[in-house]
Structures are given as C-alpha cells and as structure tokens.
Amino acid sequence: MAVTDFSPPYAPATALARRLRERGYAVLAPCDVARWLHLPLADLAALQPDWDDLPPDDYLKDAGRYRRRRHSCFVVQGGLSMQVPHRAHWQPVEYNALHGGMLRWFAPMLDASVALTQWHRLLQALAALAQKALLPPHAPPARWCVEAHQFRIDTAGGLGRPTPEGAHRDGVDLVAVFLVARERIKGGETRIFEAQGPAGQRFTLSEPWSVLLLDDARMIHETTPIQPTGDFGWRDTLVLTCRRGHFLGEDGQ
C-alpha cells in the first residue's frame, strides 16, 4: 500500500518563539535551523557519525531490538551550559505508560561530541527559546535542565517503532525532535495533537536537521512505525527535552 507523505508546516526562524506561543509547536527547515542557531549546517553534520555507534536499548518492554540510543544530561543557566554527572532517565507512568516508573541507565553521549562548541551552542539556543517562548517577558533567567537522547530506530526485525509508548507528553517544558538521517524507509510520520483540544497535524520530517519543537504542556506527540524499502533501513533523531528548575523525578514529580 502506498504511503503518502505530508510536507511539514515550516515556519521561518524569525517566527519561532511566536509560533510556539500561539500554536504550541513550530517546525523549522534545515536552513532556518542554521539561522536560529547561528551555525552552518556543516557544524551540525559533524555530530552525525555518533549515530553509527549507539548501543542497543535493553529496556524495551515489547521485546523489540529495533532501538539504539545514548542519553546525557545538561544544565543551562545564564547563557552557560554544562554536563551534569551521568544519571538515569526516568518518567512517571502518567507520561509513559509503557516504560514509566523505571530507572533506565543508557550509555552516555561520547565525550568528543559533548566537548564540541556547536553542541553547547545548540543547548544554549534551546534554553533561550524556552525562556522567551514559555515564560513571561520579564521572568528572571531560569535554570533549564536538558536531557539529550540520540536515537536510531532500525528495521532489522521488519518494523521499527519510534514511539512504542504511543501518543504521549514527556513531562517537561519544551521538546525538540531533530531529524538526523532517514535511510531506505517508509512511514515515520510525525503526529501532534492538542492536549486539551481537537486540533492536530501530521507530516513527515525528511530533511536532515529539520526540527519539530513542542510546548509539552499543550501538545501530545507520536511517530508512526517505519518499514524498510530495501533490505535494511533506519531513522536517526536527536531529541532534546528542556525542563525548568529540576530534572524529571529530581523534585518528586
């Protein structure tokens, strides 16, 4: 059966914060990601080889072997970003009915990548966007806790599930989903819905370093399964979640 791909509803970089405030989401094309970050796309592409060296995710409750990942945590405050000691990824069952309530210890990001200037530029830009789009205009600079997830979903078993937990929120303030690569697959459609309303969008991210940004309090999201169009395919993403004050679980929530 043919799969129809709907084009992303791209916004210009200059409208990013306003789109987030007005609609609860924004999507940027790669050229506008570069404008937003004040970085050439080649600097982001320098991170791309990391996705060829991701360890398996051993926590999948559906017994799947289609997901590989790394996970690290950072704090951004006052325009500065720093990595914090390695910690488990935790979500309550209210946000992740499949894997919530588990302390999941994933391998950390590679030291060489974390040391890159462009990596910290990305973290700082994300925190600045959260401050501008989600807080009142004169709010003092917040402490933003960022979790970074490098994912590869593959089709070695015939089907890969980017979001096996289904449509969900992450329990944070801001979510950024960067498409890093997409090779020999069909499917992988992004679907977003208002948490308190009927409106929704569906589209397929296909351009490397395009990004979906979500106000997590207002939007629910999921990505449909992927299937190979040849012998083997995969979908690589970088997911950054930004939460004010504390990491999820650190403050008892």
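1. Glu165 sits in the loop between strand S4 (144–154) and strand S5 (174–183). Strands here are DSSP runs of E with at least two residues, helices are runs of H or I with at least four, and both are numbered from the N terminus. The model is predicted: local features need pLDDT of at least 70, side-chain atom pairs count only at pLDDT 80 or more, and totals for chains, interfaces and linings use all residues. Residues are numbered from 1 along each chain as its sequence is written, and side-chain values use heavy atoms, without hydrogens and water.

2. Glu165 is buried yet has no salt bridge. Buried means under 20% relative accessible area (1.4 Å probe, protein chains only). A salt bridge needs a side-chain nitrogen of Lys or Arg within 4 Å of a carboxyl oxygen of Asp or Glu. The nearest side chain of opposite charge, Arg67, is 4.7 Å away. Lys and Arg count as positive, Asp and Glu as negative; His and the chain ends are not counted.

3. Leu16 lies in helix H1 (residues 16–23). Leu16 is buried, at a relative accessible area of 3%. Beyond its neighbours within four places in sequence, Leu16 is in contact (heavy atoms within 4.5 Å) with Ala26, Leu28, Trp36, Leu129 and Leu213.

4. Now the whole protein. Its secondary structure comes to five helices and 12 strands. Of the 253 residues, 53% count as buried. Among contacts with a separation of 6 or more, 76% join residues 24 or more positions apart. The C-alpha trace spans about 50 × 40 × 35 Å along its principal axes.

Key. Buried means under 20% relative accessible area, exposed over 50%, partly exposed in between (1.4 Å probe, protein chains only).
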